[in-house]
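I open this notebook to record what I looked up in the structure shown below.

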Amino acid sequence: MKQQAFSTTGLTESIVAFAGFSRSHGLNIGLQETQDALRAADTGLLVKDESFRFGLKSLFSHSPEEGLLFDQLFSLYWDTNPTDMADRKGKVTLQGTVVKKANASLIMLGQGRTEPGEEEEAKSVTGANETERLKHTDLSRVNVLDAEKLELIARKLFREMALRVRRRQKASRQKGKINLRKTIRRSMSYGGEPLDLLRMEPAPKKQRLIVLLDVSGSMDKYSFYLLRFVCAMKEYFRQMEAFVFSTSLVRISKALQQERLDLVLQRISTMSENWSGGTRIGASLKEFNALYGKRMLNGSPLLVIMSDGLDTGDSAVLRSEMAYLQRRVRKVVWLNPLKGMQGYAPTAKGMQAALPLVDEFRTAHNLQSILELENLLADA
Amino acid sequence: MHPAFSTSDSVIATLAGLNYVADEELGTALFLMYRLQKPLLLEGPPGVGKTEAALALASLLGTKLIRLQCYEGLDVNAAVYEWNYQKQLLGIRLQEQSGLSVEEKEKHIFGNEYLLKRPLLQSIMEEVKAPVLLIDELDRSDEEFEAFLLELLSAFQISIPELGTVKATHKPYVILTSNRTRELSDALKRRCLYQWIGYPSLEKEMDIVKRHLPGIEESLLRQVTEHVQQFRTRKLSKVPGVSETIDWAESLLALGHREVNRKAFERTLGAVLKSADDIDMIRSEGPEAFHIAS
């Protein structure tokens with residue numbers, strides 16, 4: 001849709017159309033902003049086009065990133081000079097939704113990859129009933145039929161877990177300091193004698209969680225369930241930031257808020273490049289530290305890294321970035337699905353580099369092991 | 001209307017007269033804040049003059065500045081109002097023999113004279129002239145507090161259960177600042193004008209330093225500013241802001257240095273860099289590494 005100021009007839013109309021134009025390109029603008037823009041135009045800002053631009057900018061953009069986008073939109077819309085239009089238009093990469101490997105979510109689901117031999121193995125796991133059996137089945141060995149059932153069980157158990165963790169927090173609250181306000185209010189009925197000492201409940205602890213999930217080729221069987229787990233944690237931790245990484249890092253916190261996992265998967269598959277390529281854990285962590293570190297590592301959050309530690313990058317980088325992270329978070333938890341394998345030793349180059357800097361090293365290869373993480377989250 | 005707010009240019013000019021250097025973007029934002037009566041959210045790295053902007057605005061308008069410094073755990077009691085409990089207890093005792101009913105007693109001790117006004121309430125109860133309300137480093141407070149601010153910032157009123165709703169007699173000019181250590185909520189941002197303040201250009205920074213230290217020699221001024229601008233391109237854990245540039249220039253002046261040589265560098269680096277790692281790194285490079293070939 002190409003829209004420009006000269007195609008409208010009046011100033012009011014152009015401003016309203018510009019608001020619509022900006023909205024359609026991803027700026028968060030409602031009626032209020034449009035109205036304010038009209039009022040701003042009314043204050044005499046129009047005498048200079050620079051100040052008009054800055055004025056609208058402070059109304060329409062809400063972060064430096066949006067500010068950049070706004071500048072592009074503004075020149076695109078208001079510039080009537082067709083000669084430099086083409087030049088500027090080329091620079092605008094709005095909503096660059098390039099379709100990359102759209103079926104990556106299928107790969108992640110592990111469908112069409114299960115070989116008959118593995119099914120046998122899955123069934124041979126002993127357990128009291130089917131639920132128990134599924135709970136103990138290694139996630140990479142779940143066949144298509146079981147996958148659906150397992151998903152249902154997982155969803156139910158994860159929800160229960162989130163609820164339990166929340167309740168436990170409430171029950172363990174202790175009596176805090178005296179609430180003078182309520183005490184005095186109450187004492188009125190005793191003629192001013194503060195007989196009942198009412199206390200303040202300590203404010204609920206602020207839990208912050210950062211999750212980094214490895215979605216490289218070696219992890220894809222596990223990462224689907226782990227992602228589901230991440231979704232469940234979202235319900236419990238009010239402030240959660242989630243990222244997926246393989247060769248680069250992608251933030252999925254916003255996508256997770258949409259609640260629908262299939263959408264999230266689709267979103268991830270369009271966002272992340274080199275879906276099943278090698279893993280560069282160190283570089284991904286570095287990217288995290290540089291881009292998000294300052295904003296997210298305050299207030300000592302809990303950091304959960306889910307990866308098999310099969311790193312194709314430089315392990316010196318991994319070590320130094322881990323050290324940086326470890327100094328800034330309360331606890332580093334590393335979940336490695338491979339740890340559930342018999343005879344596993346953390347000999348992978350990346351894992352060896354990271355291990356000294358990890359506070360908790362746990363497995364996450366089947367549903368049971370994921371559920372056992374509950375106590376870890378409760379202390380968070 | 002204040003005469004300085006007739007155009008955005010006159011805002012900038014008047015602020016310059018008050019030794020605050022505002023560029024065109026910031027000037028326009030301040031102008032709109034005044035004319036549209038909307039809060040202004042200033043974001044940017046530490047030490048680029050966000051708080052200064054509010055101070056300058058208050059002195060421009062010749063009005064009171066009410067400041068609320070945010071911190072983790074800041075609650076309504078510390079930000080809006082609190083009852084003076086000791087006085088209330090005394091008040092109850094004094095009324096013991098008065099024979100008033102419980103309702104009357106209650107009404108008395110929840111009256112105005114027992115109310116302690118905290119910054120936010122103060123700002124909307126100001127009677128003579130609209131004050132400037134500075135809510136500093138909002139990103140340090142909790143989300144709950146941010147949600148509470150929504151009511152204040154859109155309706156300029158505060159509800160106190162015991163007293164009723166207090167509505168602003170004069171709408172305060174609200175400036176919020178944030179270092180962006182966390183993302184503020186969309187709801188809050190949409191109620192504000194937004195302005196990002198980054199590190200200034202060399203010329204602007206020299207201008208700012210000169211306004212603070214009028215006695216500084218041109219050559220030293222240029223050297224100091226160029227050095228700091230170069231520091232910012234390195235990967236430092238604490239990037240120096242403009243206030244550090246001023247501090248550094250001031251320290252050099254106080255020690256009688258007339259240029260940034262190795263000795264001056266060694267002695268005063270602590271004024272501009274605030275982390276041991278950063279100091280080691282910059283010191284090992286030496287002052288020569290930061291000279292701009294002219």
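**Entry 1: salt bridges between the chains.** I looked up Lys38(B) and found that it forms a salt bridge with Asp36(A), with 2.4 Å between the closest N and O atoms. I use the term for a side-chain nitrogen of Lys or Arg within 4 Å of a carboxyl oxygen of Asp or Glu. Between chain B and chain A I count four salt bridges. I note that this is a predicted model, in which local features need pLDDT of at least 70, side-chain atom pairs count only at pLDDT 80 or more, and totals for chains, interfaces and linings use all residues. Residues are numbered from 1 along each chain as its sequence is written, chains are lettered from A in the order in which they are written, and side-chain values use heavy atoms, with hydrogens and water left out.

**Entry 2: the interface.** How many residues does each chain bring to the contact? I find 45 residues from chain B and 39 residues from chain A, where contact means heavy atoms within 4.5 Å. The area buried between the two chains is about 3900 Å², and carbon and sulfur atoms give 52% of that area. Buried area is the accessible area (1.4 Å probe) that two parts lose on being put together, summed over both. I also find eight residue pairs in polar contact across the interface of chain B and chain A, both residues being at pLDDT 80 or more. A polar contact is a pair of N or O atoms within 3.5 Å; within protein, one must be able to donate a hydrogen and the other to accept it, and residues adjacent in sequence count only if both atoms are side-chain atoms.

Among the elements that give two or more residues to the side of chain B that touches chain A are α1 (8-17), α2 (24-36) and α8 (143-155) of chain B. Helices (H or I, at least four residues) and strands (E, at least two) are DSSP runs, numbered from the N terminus. On this side α2(B) gives the most, with eight residues.

**Entry 3: the sheet of chain B.** I find an open sheet of five strands in the order β2-β5-β8-β1-β9 (chain B), with parallel pairing. Two strands pair if DSSP finds at least two bridges between them. At the edges stand β2 (65-69) and β9 of chain B, each with a single partner strand, so one side of each is left without a neighbour in the sheet. Strand β1 (residues 40-43) of chain B pairs with β9(B) in the parallel sense over four bridges. Glu43(B) has Trp196(B) in β9(B) as its bridge partner.

**Entry 4: the sheet of chain A.** Here I find an open sheet of six strands, ordered β3-β2-β1-β4-β5-β6 (chain A), with mixed pairing. The edge strands β3 (249-251) and β6 (360-362) of chain A each pair on one side only. Strand β5 (residues 331-335) of chain A pairs with β6(A) in the parallel sense over three bridges. Val333(A) stands opposite Glu360(A) in β6(A).

**Entry 5: salt bridges over all chains.** The count over all chains comes to 24 salt bridges. In one of them, Asp71(A) pairs with Lys57(A), the closest N and O atoms being 3.3 Å apart. Asp71(A) lies in helix α4 (residues 64-78) and Lys57(A) in helix α3 (residues 49-60) of chain A, so the pair ties together parts that are 14 residues apart in sequence.
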